[in-house]
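Biologist: I would like to learn how to read the surface and the side-chain contacts of a model. Please take the features one at a time.

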Amino acid sequence: MEAEALIGKPEFAEYLGRFEILAKLAEDSKALTLADVIRLKDAIRRDDPSLTDSCLELALKSSLESGYLQYYFYSYYLAAISYFNKDIKSRTFEILDHMREDAELMDNDYGRWYCSATLGDYYLASCKIELARKHFQEALDVHAKTDDPTIKKQPTSRLYASVASTYEYDAPERDYNLDQALATAFYPSDSLRVYFYRLCQAALAKDENQYCRYRKLCDDSYYLDRAHRRGSKLVNMTDLAIAGNWKEFSSLKRGVSNLEDLCYLCSLTKVYGNIDECASIYDLILRKVNNMNDNEIGSILDELSLQMENSRLNQLTLDQKAWYNRILALTVLVLLIAAVLVAVLSYSYLTRMRKIKRKAEAANNMKTRFIRNINHEIRTPLNAIVGFTQLLTSDDELSDEDRLRYGGYIAENSAILMKLIDEILDVSYAENDESILTTKRYNVDEMCANAMRAVDTAEPSSRDSNSDIH
C-alpha cells in the first residue's frame, strides 16, 4: 500500500524494492507478481509508452509463471486504459485484441469476462453503441454461465447499468436493465448509478414526483460522483433547467465533455424549451463526434504510416541481407576459384617436379652408366699403354722391330685415350649447351681396325705371362 501510494513519485522505487525483498524472503509468488503490476502502474503514471510496454510484458510473464491469471488480465486492462486515455485507440484495441485471444487460448472465463467488459467500455466511449451493448451482454452471459468463484464475486450491477445506457431514455430495455442493476447492487455507488439514470428519465418525462424522489436519493455528491462521473454536476444542471435558470446552466455547461452527458443535456434543453441552448449543445456534440472521427482517422493513418515505415525498414533489412548474401556468395565463389587455381597450380607444380625428378633420376642413371662405360673405355687404351710400356722396359731381349711395333701401339692407344678425353669434354660441353657440332667423313674400316688393335695388345707369349695386361 505504501508503494502504491507513491506511484509516480521519486520514493516509489525505494518502497517497491522493500516490498520485493519481503516478498522474496517470504517466497510469496503472488506478492512478487503484484510488485510487477504496481511497477506497470508507475510506468503508466510516468507517461512513458516504451516503459509501459516493457513493464506490461514483465507483468504478463510474472503472472503466467506464478499462475495468478487475474493479474494477467488486469495488467492488460491497465495498459489498454492508459493508451485509451492518451487517445491512442489503435494501440488500445491491439492490447484488448491480444487480451481476448489469450482468454480464448487459455479457455479462461475470468479473461473472457474482463475482456468483454473492458471492450464494452472502449466502444461506449468511442460512440459505437451497438458494439458496446454486445460486449457488455457477453460479459453478463459469462458471469451467468461460469463456475469461476472469482467472477461470481464480481457484482453485475455496473454491467446492467452500462447496458441500460446504450438504449434510449424511453426504451423498455433501459428500464429492464436498470431494474436488474438495482437488484444486483452491492456498493452504494451501484444504487446511486441507478437512481441517477432514473432521475434523468424523470426529468425528461417531466415527472415531478419521480424526479423529487430520485433527487433526494442522489443528494450524496461523493458517492454520486463515484457512481457517475460528474453526476452531481449534471443533477445541478438538471435543477437549473427545470427552474429555467439558463444563465447559470450555460456557465456550468462549459465543463461537460462526455458525449453521453452532452446528449442528455441536449434532450433536456429541448424538453424544457430552450432551443438556443439545445442547438449550442448539439453543435458541441457534432464537434465532439467529428473530433473523435478525426482522431480515429488520424490514429489509423498514423498506424498505417507506422506499418509502411516498418515495411520499408523490413524491405531495407531484406535488401541488406540480400546484398550481404550476394557479397558472401561472391566471396565464396572467389575463394573456390582461388582454391581450384591453387589446386591446379599445385598439381601442375607437383607434376613438373615429378618429371624433373624422373629426369634427374634418369640423368643420374645415365651418368652412372656413362661412368661405367667410360671406366671400361679408358681402361682399354690405358691397359694397352701400361702393358706395352712394361714390355718395353722389362724385356731386354726385344728386337728393334718389336720395340718399334710396341711403341706404335703405345702411340695409337695414347691417341685413342686423348680422343676419348676430348669426347668426354665434348659431352660436358653439350650438357652445358656450349658444344659446337661439326660433321666430317670418317673411315669405318680404319676405326674398327684401330679398335681391334687396341684390344689385341700383346703377343701370345706375353698373354701367358703374369703381366697386368687386361
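Modeller: Start with surface patches. A nonpolar patch is made of residues with over 30% relative accessible area and no salt bridge, whose nonpolar side chains are joined within 5 Å. Keep in mind that this is a predicted model.

Biologist: Which residues form a nonpolar patch on the surface?

Modeller: Leu330, Leu333, Val334, Ile337, Leu341 and Leu345 form it, and together they have about 580 Å² of accessible area. Leu330, one of these residues, is in helix 18.

Biologist: Is Leu330 buried or exposed?

Modeller: Exposed means over 50% relative accessible area. Leu330 has 52%, so Leu330 is exposed.

Biologist: How do I read the charged patches?

Modeller: For these, like charges are joined within 9 Å. The positive patch here consists of Arg354, Lys355, Arg358 and Lys359. Arg354 sits in helix 18, which covers residues 275-394. The relative accessibility of Arg354 is 45%, so Arg354 counts as partly exposed.

Biologist: Which residues form the negative surface patch?

Modeller: Glu377, Asp422, Glu423 and Asp426 form that patch. Helix 19, residues 400-431, gives the most to it, with three residues. Asp426 is found in helix 19, and its relative accessibility of 44% makes it partly exposed.

Biologist: What is the accessibility of the two partners?

Modeller: Lys86 counts as partly exposed at 29% relative accessibility. Asp47 is partly exposed too, with a relative accessible area of 49%.

Biologist: Please give me a salt bridge between two helices.

Modeller: Take Arg91 and Asp53, whose closest N and O atoms are 3.0 Å apart. The pair links distant parts of the chain, with Arg91 in helix 6 and Asp53 in helix 4, 38 residues apart. To place each partner, use the cut-off that buried means under 20% relative accessible area. Arg91, at 18%, therefore counts as buried, whereas Asp53, at 25%, counts as partly exposed.

Biologist: And a salt bridge inside one helix?

Modeller: Arg112 and Asp109 meet in a salt bridge of 2.7 Å from N to O. Both are in helix 7 (residues 109-125); because they are three residues apart, about one helical turn separates them. Arg112 is buried, with a relative accessible area of 17%, while Asp109 is partly exposed at 26% relative accessibility.

Biologist: Which residues are linked with Arg112 in a network of salt bridges?

Modeller: The network links Glu104, Asp107, Asp109 and Arg112.

Biologist: Let us turn to the rings. How many aromatic pairs does the structure hold?

Modeller: The structure holds 16 aromatic pairs. In one of them, the ring centres of Phe93 and Tyr122 are 6.2 Å apart and their planes are at 35 degrees, so the pair is tilted. This pair links distant parts of the chain: Phe93 is in helix 6 and Tyr122 in helix 7, 29 residues apart.

Biologist: Where do the two rings stand between buried and exposed?

Modeller: Phe93 is partly exposed, with a relative accessible area of 35%. Tyr122 counts as buried at 9% relative accessibility.

Biologist: Which residues form one aromatic cluster?

Modeller: The cluster is formed by Tyr74, Tyr77, Tyr110, Trp113 and Tyr114.

Biologist: Last, the start of the chain. Where is Met1 found?

Modeller: Met1 is in the segment before helix 1 (2-5). With a relative accessible area of 91%, Met1 is exposed. For distances, compare sequence with space: Met1 and Ile38 are 37 residues apart in sequence, and their C-alpha atoms are 9.8 Å apart in space.

Technical notes: Residues are numbered from 1 along each chain as its sequence is written. This is a predicted model: local features need pLDDT of at least 70, side-chain atom pairs count only at pLDDT 80 or more; totals for chains, interfaces and linings use all residues. Side-chain values use heavy atoms; hydrogens and water are left out. Accessible areas come from the Shrake-Rupley method with a 1.4 Å probe; for residues, only the protein chains shown count as cover. A salt bridge is a side-chain nitrogen of Lys or Arg within 4 Å of a carboxyl oxygen of Asp or Glu. Lys and Arg count as positive and Asp and Glu as negative; His and the chain ends are not counted. The place of a charge is taken as NZ of Lys, CZ of Arg, CG of Asp or CD of Glu. Helices (H or I, at least four residues) and strands (E, at least two) are DSSP runs, numbered from the N terminus. Buried means under 20% relative accessible area, exposed over 50%, partly exposed in between (1.4 Å probe, protein chains only). Rings of Phe, Tyr and Trp (its six-membered ring) pair if their centres lie within 6.5 Å; planes under 30 degrees apart count as stacked, over 60 as edge-to-face and the rest as tilted.
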